[in-house]
Structures are given as structure tokens and as C-alpha cells.
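Trainee: Could you take me through this structure? I would like to begin with the terms I shall need.

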Amino acid sequence: MDRDSVAEFLADVPLLQRLPSSSVRKIAQVVEFKHYEAGDLVAREGDTGDGVYFIWEGHAGVSGNDNDEGGNQPELHLKKYDYFGYGAFSSIHEVNISATSKLTCLVLRQEFHSLLQPKSIWNADETETVNTFSMVEHILKLEPLEVDLFRGFTLPEAPRFGQVFGGQTIGQALAAACKTVDCFKLVHSIHACFLLAGDLNMPMLYKVYRLRDGKSFATRKVDAFQEGNLKFSLIASFQKEEEGFDHQEVMMPDVPAPETLLPMEQLWERRIYDPLLPMDYRNKIARKKYIPWPIEIRFCEKTNSTNYSKTKPSLKYWFKTRGKLSDDPALHRCVVAYASDLIFLGVSLNPHRGQGFKTSSLTLDHAMWFHRPCRADEWLLYVMESPSAYNGRGFCTGRIFNRKGELLVSLAQEGVIRRAKAANPAPTSKLTPPVLLGFPGSEKQEWGDGVAIIRLYGFGIVMEIPQSEFIPRPLINGLPDDLALLCLARVPRRYHHNLKCVSKRWKELVDSIEWSSHRQKHNLEEFWIYALCRDSSFSYLYVLDPLRRCWKRIRGIPSQCSKRGGMACQALGKKLYLMGGRGWLEEWTDEVFCFDILKNIWAKAAPMSIARCDFVCEALSDNLYAVGGGFVENDVFVDNYYDMYDPKSNIWTPLTDLHLFPHVAASMTFDGKIYIRSCVVSLDPNVNALVYDHSFSQRWQRVSGGMVNGWDGPTVVVDGALYMLSQDIGFKPFQKIPSGVKLMKWQEESQEWISLGRLSARLIRPPCQLAAIGKSIFVIGKGLTTVIVDLDKVGHCDGVMVSSSIRNLNFNCDILFCKAMAI
């Protein structure tokens with residue numbers, strides 16, 4: 001079989017589309033063909049696999065164990081472009097795969113699996129270092145979260161214009177679209193619409209929609225989100241290269257070669273000392289620090305004009321990337337899209353400049369048409385002009401040529417261009433700002449156009465004070481705010497609610513992340529333990545202050561949650577999440593509520609993708625993962641779905657994995673991985689445990705022995721070591737109190753659980769949960785019975801571990817979840 005045809009086939013496999021095009025070509029050279037007749041067993045559960053199978057032609061069926069009732073009936077059907085056997089933790093087949101028709105597969109053997117895990121979506125060369133390539137390539141290096149979901153970041157060295165640079169959003173969105181199409185199809189047109197400004201300090205999520213996949217053309221739509229808000233939308237069309245008509249009427253302007261022109265660094269230096277420029281302009285330039293853009297620009301026309309000089313609405317400059325780019329042609333088009341937004345809209349302002357000229361501008365629409373192949377690391381000429389500006393909008397067109405004079409790209413852009421609003425003159429007040437803010441009932445309401453609006457409640461007076469004259473009230477009179485913050489941060493956490501009653505500014509401070517970060521920086525943070533409990537009818541949330549050694553109930557839990565059972569609970573950052581479950585008279589729910597421990601308030605978060613009950617949730621890599629208990633309409637359980645929650649975007653992303661089971665008994669996070677255990681009882685504990693590694697394969701795999709062998713209770717991590725509570729809650733004859741509650745530790749060297757000792761049955765009532773603060777493990781049992789084991793001072797007496805305890809409440813409840821959280 002022709003290897004070019006194999007490469008074209010592999011380029012249509014969704015799993016491989018996010019790889020560099022060079023990786024797809026390498027895979028095409030090493031895959032092997034395997035042929036099967038209808039009814040043949042392709043892979044048997046438990047057997048060692050050859051590698052990853054890609055279905056070239058025909059159909060296959062997935063079925064469970066042959067010993068299961070109805071095991072010969074396929075549970076899932078696979079067709080062309082589907083794949084199986086993909087895994088990093090084990091080479092063992094997880095299910096039975098059989099041919100349901102004449103079947104041909106391409107097999108990528110285990111020794112070539114590294115081709116599926118490149119360091120970058122643009123380059124597969126393992127020898128290249130981080131500093132080898134241009135910064136633009138790193139800006140456009142997206143993080144694949146799922147087949148059609150990517151995450152992009154604003155690097156510290158990237159251009160900053162008070163918000164996310166529009167060219168960065170265009171380039172990253174186009175990169176996301178490129179990584180969902182056949183690598184032999186290249187973008188030929190894009191149409192983008194900017195909706196809201198982006199936040200520099202937050203990642204951008206790019207969701208790709210596959211609108212059409214044809215033989216020659218493909219179309220993709222990309223939406224960009226931040227905090228759940230749609231910021232940007234793009235439609236891109238891709239085409240496979242083919243022979244066709246060729247003509248070009250427009251000619252490249254006659255301009256100097258880029259080597260003869262000065263780089264921007266030298267132009268910046270010259271302007272500081274140019275006597276023909278105004279002194280105030282030269283001083284303004286000298287005070288600013290020059291930060292080079294990742295795109296090198298050389299202007300074709302020498303000029304002494306400034307931001308206040310009227311010029312023609314046109315501009316020409318050469319540009320290319322600083323540094324090397326990978327050879328992926330899709331990357332070069334993404335880089336050109338990134339660079340196309342630099343200075344483009346500003347051309348429409350040139351005829352309107354003058355003394356004291358200040359404007360605000362924002363791109364609305366951006367369109368590009370790629371006519372011929374281009375390389376962004378070679379000099380390209382950008383010719384732009386603005387034929388019209390009207391009604392607060394500027395319109396610009398552009399053309400990009402290579403050094404041969406070939407027209408590579410045509411562009412059009414429209415954006416908002418307005419004069420900056422001047423600050424309104426404020427009336428002079430006889431009261432100075434400090435006196436005003438010290439007056440009873442006064443409060444700074446808001447800022448508007450450089451003016452602080454002060455309202456005197458009770459007197460019916462509203463005054464406006466210029467921002468330059470405004471002096472904010474100090475946190476503590478007579479102390480600078482930094483010293484005042486240090487003093488206030490030393491107040492114990494149990495008195496924080498008193499601080500909030502002093503003033504609005506103190507309340508905002510104590511509720512802020514700045515407050516928590518300051519306490520953490522100076523080792524002042526305190527850990528409290530939050531526990532979710534449930535009796536026969538209601539759920540409750542309690543908190544434990546270890547210093548005061550008493551439990552306190554948190555009021556205000558949402559009424560929906562208080563009546564639900566089967567909920568999952570997990571902590572992430574400074575928030576505690578309650579999700580899913582089922583009430584007395586309601587079906588399973590997808591609702592999620594979060595409790596902010598800084599502000600002590602409940603809020604509703606985004607719902608999960610499906611309703612869940614009796615499931616688990618773990619936190620990993622700043623995300624939440626909800627697994628098991630999936631439920632849809634008509635009493636149908638969802639076996640293979642799990643949800644990933646990004647708190648920054650407030651979005652739950654549904655993901656699938658064939659290895660998952662619906663009924664999960666327990667979960668834990670250890671060493672950057674999530675482990676889950678099935679409710680199904682088996683003689684072999686290994687067949688009912690899965691592990692998920694976000695940093696490696698981002699898939700669930702069965703675990704071969706190790707710590708899951710013997711894992712039968714709640715766990716907690718202390719200083720990188722894993723501890724477990726083994727609970728024998730059965731009763732021996734004539735015994736009134738359960739026994740056998742032992743604290744275990746996982747021994748990595750000997751690969752076994754070792755017993756540290758037994759807990760007193762008089763102090764603890766299983767079933768229990770674990771939490772840890774420093775070197776102390778808190779064992780919390782039924783009725784909030786609490787035992788504290790100090791690992792540095794642990795001792796034994798008559799075979800029982802020496803520990804301290806906290807007085808329990810007269811409350812018969814089960815502990816569903818507990819976690820230590822810091823402020």
C-alpha cells in the first residue's frame with residue numbers, strides 16, 4: 001500500500017489531528033497492516049496487545065468478558081477511523097474486540113508510542129529545546145484538553161495592550177481549528193468577530209465545532225471563552241492543495257529591501273535624540289522601557305511624524321518572526337494571522353491625528369484570505385490602507401507579499417475608533433477629601449472619568465472630587481497600609497468575622513485573595529477542617545477549628561442540598577463544591593453549589609453535563625473530575641462519561657473513556673494521579689481499580705497491583721506519603737463496640753501496606769474519614785467523633801495507638817467527606 005495514502009488516511013483520525021504533521025508522516029511509515037475475517041477475535045481481554053489499532057476498512061464490535069451473560073453481544077461498534085488499544089499504563093487489552101465484517105487495521109506497535117506524545121502540537125523533534133523556537137510558536141502552543149477543546153495562555157513576554165492582544169486570539173483560535181482537520185488541508189480563509197475584551201491573567205478556552213468535512217474542503221467554527229463568557233468567534237475554511245488557474249493583477253509596491261531599513265530598536269533610540277521631534281515627545285519615549293515584540297518589523301518609509309502628526313491613511317512594513325519556526329505549514333499561517341493585527345486598525349486614525357490626540361479603539365471584525373503558501377520566518381511585506389472611516393468605525397484593507405512579489409494574503413478589518421472622553425470638570429468642595437471620608441455615613445461609591453463620587457448618607461449630599469485630589473481612608477489611622485495589613489493578618493481566623501464588621505474596606509480586604517495570599521506568604525495561614533455529614537433525613541456542613549477543638553455547624557447550606565443524598569463533595573482552591581445527588585421527591589440532578597470559605601457565602605456554579613448520584617469527585621491540576629453515577633433519561637446509566645470542571649471558565653467538559661465503570665465505591669488522589677475503585681466485588685482487586693494521569697496520557701487505565709491491592713478505606717497524604725484507614729466495622733460475638741480500625745501506611749520500597757497501629761474503639765465510631773493538618777491526621781467518625789494522631793509523637797499502649805480526641809456532638813450522623821482548607 002502507498003504510504004502517502006496511509007498518511008492521508010491517518011490525517012483523518014481525530015486522535016492524530018492534534019499531532020504535528022511530521023508525526024503523522026512518521027506514523028504512516030511504521031504502521032503495519034493486519035487483516036481479519038468476520039467473526040475473528042482481534043483482541044482478547046487480558047492478553048498483551050501489539051499496540052494501537054486504527055480501523056482502515058470494515059467494522060468491529062466491543063464486548064465484555066466472555067464469561068458474562070450475553071458476553072458475545074457487542075456493546076459498542078467501531079468503524080473506519082476509530083481506534084483501540086491506546087494506553088500508556090498497560091499494554092493489556094481491556095475488552096474483547098471482534099470483527100463484525102471483513103476488517104483491515106493499521107497497527108502502531110508499542111515501541112513507537114512516543115510518536116503519540118510529542119512535546120508540542122507543532123514539532124515532534126525530541127532534541128529541540130524550549131529556547132530553540134520563536135516566542136510566537138510558544139504563544140500559539142495550545143494545551144489539548146480533549147479532541148475538540150484546547151486551552152491557550154498569555155505568556156509574560158507576550159505583547160500587552162491592557163487586554164489580550166487581538167492577534168493572539170486570532171492565531172490561537174486558528175491553531176485550535178488547524179488541530180482538528182486533516183494536516184493536508186490548509187486554511188484559505190478566516191472570518192473573525194471580537195465580542196468582549198479578554199483578560200490577560202486568565203487562560204482562554206477554545207471550543208472547536210466541526211461544521212463540514214469534505215474531500216477537498218473542511219470548515220470549522222471556533223468559540224473562545226473566559227469565565228464562561230463568549231469572547232470571540234471565528235469561522236475558518238480549509239482546502240487540500242490542488243492544481244488550478246493562476247493569475248495576479250495587483251503588483252507589489254516598489255519599496256527598499258528589509259536589510260537596508262532600520263529595526264524598531266534603532267528607530268526607538270534615534271527618536272530620543274532626534275532634534276526635529278518635539279521635546280515632550282522625546283521625553284515621553286525616553287521614560288518608557290522598550291520591550292521588543294516577537295514579530296520583527298521594519299518600516300519602509302522614513303518619517304519624523306509622531307502620534308500627533310497627520311499622515312496618509314496607509315502604511316507599509318516588512319515583518320518576520322524573531323527566531324526559528326517549525327516547518328509545519330499550518331503554523332506559518334497561524335503566525336501570519338497573529339501578526340496581521342499589529343498596527344492594522346491604527347492606519348484609519350492617521351488623517352485625524354493632532355495635538356493632544358487621544359483615542360480608544362477596538363477591533364470588531366477581521367477577515368483573511370490565504371492565496372499562496374507562505375513562511376512567516378522569512379521577510380514579508382505588509383501593505384495596508386484605510387479607504388474609509390465613518391460613524392465611529394474605521395475600515396482597513398491589507399495585502400501581504402513575499403520578496404518575489406507574489407500576493408500571499410489579502411485582509412480586511414473594521415473596528416471602533418473614538419476620541420477618548422475628557423474628564424468632566426468637578427466642582428470644588430470646601431471639605432477636603434480626608435475630612436469628607438472621615439465624616440459619619442460617608443462612603444466612596446465609584447470611579448467615573450477620573451472622578452470619585454462621594455455620597456453622604458443621611459444628609460442627602462452627593463459630591464464629586466477629582467481623582468488626583470482623592471485620598472483614600474487608611475486601613476488603620478496613623479499606619480501605612482502595608483504595615484496595617486501585616487498587623488491585621490495576624491488576627492486569628494476565628495475573629496475574622498469581627499474584622500468584617502469594622503468597615504466596608506476591612507470586609508473587602510478579609511474577603512479578598514490578597515488577604516489569603518498575604519497570610520500564606522508570612523506563614524500566618526490557619527487550617528480548618530470542613531466535614532459534610534448526613535443523618536437519616538438531612539445533610540449538614542460542619543467546620544472544626546483545631547485550636548479551639550470544637551465543631552461548629554455552618555448555616556445557610558442550600559435547601560436543595562440539605563435534602564439530597566448521594567452527593568459528591570470536593571475542595572478546590574478556597575471553595576468547597578457540593579454536586580449532584582437525589583432528593584426525597586426529585587430525580588437525580590446535575591446541580592453544583594460552591595461555598596467560598598473566604599466570604600462564607602454559598603453560590604451556584606455551572607451544572608455538570610449529566611445528572612449524577614452516588615459518585616466520586618477528585619481535584620487534580622486545578623480541575624475537578626466527577627466520575628461514576630451518571631444518569632440520563634428513561635433510567636439509562638452512562639458508563640463511560642466523566643466530567644472535568646475548570647473553575648476559571650466555570651465550565652464542565654464531558655469526556656469519555658471506555659474503561660470507566662458506572663458504580664464507583666471510592667477514590668483518592670496521590671502523586672499527581674486519580675485512583676478509583678469499583679463497587680463490584682471481585683476475587684482479583686486489580687480488575688476493579690483505574691488510574692488517571694492528567695500530565696501523561698489523560699486516559700483511564702487499569703492498575704496492575706501496587707497500592708490498590710489492599711486499598712479498602714479512606715486515604716490522606718502527609719508529606720508525600722500515603723496513609724489509609726482500614727476499617728473492620730463488623731461485630732465479633734458478644735462484642736458491643738466495632739473493632740479493627742487500623743492506620744496503615746503505603747511502603748513504596750516494599751510495595752505493601754504496613755500497619756502503624758490500632759485506634760481505640762472507645763474513641764472512634766466507624767465508618768470514618770481522614771483529614772490532615774501538618775503532621776497530624778484527624779480521624780473523623782460517626783457523630784463527628786474525632787481522634788488526632790500526631791505522626792511525630794505516635795506511641796502505643798497495649799497495642800493501641802496513643803492519640804488525643806475532641807469531644808463529639810450528641811449527633812448521630814455519617815461522615816461523607818472531610819477536608820482541611822487554609823486561610
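Mentor: Let us begin with one term: a polar contact is a pair of N or O atoms within 3.5 Å, and within protein one must be able to donate a hydrogen and the other to accept it. Please keep in mind that this is a predicted model.

Trainee: Which backbone oxygen lies 2.6 Å from a polar atom of the side chain of S512?

Mentor: That is the backbone oxygen of L509. S512 itself sits in the loop between helix 12 (504–510) and helix 13 (513–521).

Trainee: Is S512 buried or exposed?

Mentor: S512 counts as buried, because its relative accessibility is 18% and the cut-off for buried is under 20%.

Trainee: Now to R549. Where is R549 placed?

Mentor: R549 belongs to the loop between strand 25 (539–545) and strand 26 (550–553). Its relative accessibility is 35%, so R549 counts as partly exposed.

Trainee: Which residues is R549 in contact with, leaving aside its neighbours within four places in sequence?

Mentor: They are L544, I788, S804, S805 and I806.

Trainee: Changing topic to helices: what describes two packed helices?

Mentor: The angle between their axes and the distance between the axes describe them. For helix 5 (residues 166–178) and helix 8 (residues 329–339), the axes cross at roughly 160 degrees and come within 7 Å. Helix 5 is therefore roughly antiparallel to helix 8, since angles over 145 degrees count that way. Their crossing is right-handed.

Trainee: Which residues make that contact of helix 5 and helix 8?

Mentor: Helix 5 contributes G167, Q168, I170, G171, L174, A175 and C178, and helix 8 contributes A330, R333, C334, A337 and Y338. By class, eight residues in this contact are nonpolar, three are polar and one is charged.

Trainee: And at what angle do helix 1 and helix 3 pack?

Mentor: Helix 1 (residues 3–10) packs with helix 3 (residues 21–30) at about 125 degrees, and their axes are 9 Å apart. These two helices are therefore oblique to each other. Helix 1 passes helix 3 in a right-handed crossing.

Trainee: Which residues meet there, in helix 1 and helix 3?

Mentor: From helix 1, R3, V6, A7 and L10 meet V24, I27, A28 and Q29 of helix 3. The contact of helix 1 with helix 3 has six nonpolar residues, one polar and one charged.

Notes: Residues numbered from 1 in each chain as written. Predicted model: local features only at pLDDT ≥ 70, side-chain atom pairs only at ≥ 80, totals over all residues. Heavy atoms only, no water. Axes fitted to C-alpha atoms, helices over the stretch in contact; angles between N-to-C directions. Helix = DSSP H or I, 4+ residues; strand = E, 2+ residues; numbered from the N terminus. Parallel < 35°, antiparallel > 145°, perpendicular 65-115°, else oblique. Left-handed = near helix turned anticlockwise from the far one by under 90°. Contact = heavy atoms within 4.5 Å. Nonpolar A, V, L, I, M, F, W, Y, C, P; charged D, E, K, R; others polar. Buried < 20%, exposed > 50% of the residue type's maximum accessible area, 1.4 Å probe, protein only.
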